[in-house]
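Here is a friendly briefing to read alongside the model.

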Amino acid sequence: MLQDQLLSSEKGYRTTGLWVSVAHVVGMLLIIFGSAFFATHPEPVIMMAEMVDRESSALVQTIKTKASRDQKQEKKDKIVTREAATSQEQAATKTVAGDPAAAPVHMPDASASDLHNPKPHYPPLSRAKGEQGTVLLKVCVAHSGAVDSVALAQSSGFVRLDRSAQDTVERWKFHPARRGGQAVSMCYQLPIRFSLDQP
């Protein structure tokens, strides 16, 4: 009886030992295959982190490039506006060549409130795309104050802004240029600035 129990216990230990060995072998196989699988297929989390890092680097670079381009354009706009203002001041105070006694010439004026000239329309698509700059127009004003012609002297770099400035100024009315008390026809350069800060 005792011998039967010992044989039964020994048989149970062997069975348990066999199962433990099988479990170890299966575990080792899983570790080996798992290592091989993850070595050839990196974890999606790591790949996702790399993708996010690449996209954020590209976004930062795009923002830096746009900021640099905007700063250059703003400097260029300031220079153009300053040059136009200087040339207008010089033209306003010059005298007629060969006649030192002649009266100073005053430039045409479109800014007077009694003229009711509308501001150039800021195209919504240009605003949405962040387009801004200064359009320099060559405007010829008749002695009556009517616009004879409008031509593009320097582009803002954006066709929509250039077109809006030209279309608007063609419909403007002016106080004509004056030499002394007399109205005269004159062509001059008129800067029209489009800035995203404008309402």
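The link of Cys-140 and Cys-187 is right-handed, with 105° about the S-S bond. Cys-140 lies in strand 2 (residues 133-141) and Cys-187 in strand 6 (residues 186-194), so the pair ties together parts that are 47 residues apart in sequence. Please keep in mind that this is a predicted model.

**The disulfide**

- A search of the whole structure turns up one disulfide.
- The bond runs from Cys-140 to Cys-187, with an S to S distance of 1.9 Å.
- Cys-187, in turn, is partly exposed, with a relative accessible area of 40%.

**The chain as a whole**

- Four helices and six strands make up the secondary structure elements of the protein chain.
- Along the sequence, these elements follow the pattern α-α-β-α-β-β-α-β-β-β.
- The protein chain has 199 residues, of which 25% count as buried.
- Its accessible surface comes to about 14200 Å², and 62% of that belongs to carbon and sulfur atoms.
- Taking contacts between residues at least 6 apart in sequence, 69% join residues at least 24 apart.

**The sheet that holds the disulfide strands**

- Over how many bridges do strand 2 and strand 6 pair? They pair over nine bridges, in the antiparallel sense.
- One of the residues to look up here is Gly-133, whose bridge partner in strand 6 is Phe-194.
- As background, strands of a sheet pair through backbone hydrogen bonds, either parallel or antiparallel.

- Another open sheet of three strands has the order 1-4-5, and its pairing is antiparallel.
- Its edges are strand 1 and strand 5 (182-184); each has a single partner strand, so one side of each has no neighbour in the sheet.
- Strand 4 (residues 177-179) pairs with strand 5 over three bridges in the antiparallel sense.

**Helix 4, seen from Arg-160**

- Arg-160 sits in helix 4 (residues 159-170).
- With 28% relative accessibility, Arg-160 counts as partly exposed.
- Leaving aside residues up to four places away in sequence, Arg-160 touches Pro-123, Leu-125, Ser-126, Lys-129 and Glu-131.
- Arg-160 and Glu-131 are 29 residues apart in sequence, and their C-alpha atoms are 9.1 Å apart in space.

**Helix 4, seen from Thr-168**

- Thr-168 also has its place in helix 4.
- Thr-168 is buried, with a relative accessible area of 4%.
- The Thr-168 side chain reaches the backbone oxygen of Ser-164 at 2.8 Å.
- Beyond residues up to four places away in sequence, Thr-168 touches Pro-118, Lys-119, Pro-120 and His-121.

**A loop residue with a positive phi**

- Where does His-116 lie? His-116 is in the loop between strand 1 (105-106) and helix 3 (124-128).
- Although His-116 is not a glycine, it has a positive phi of about 55°.
- His-116 is exposed, with a relative accessible area of 68%.

Notes
Residues are numbered from 1 along each chain as its sequence is written. This is a predicted model: local features need pLDDT of at least 70, side-chain atom pairs count only at pLDDT 80 or more; totals for chains, interfaces and linings use all residues. Side-chain values use heavy atoms; hydrogens and water are left out. Helices (H or I, at least four residues) and strands (E, at least two) are DSSP runs, numbered from the N terminus. Buried means under 20% relative accessible area, exposed over 50%, partly exposed in between (1.4 Å probe, protein chains only). Contact means heavy atoms within 4.5 Å. Accessible areas come from the Shrake-Rupley method with a 1.4 Å probe; for residues, only the protein chains shown count as cover. Two strands pair if DSSP finds at least two bridges between them. A disulfide is a pair of cysteine sulfur atoms within 2.5 Å. A polar contact is a pair of N or O atoms within 3.5 Å; within protein, one must be able to donate a hydrogen and the other to accept it, and residues adjacent in sequence count only if both atoms are side-chain atoms.
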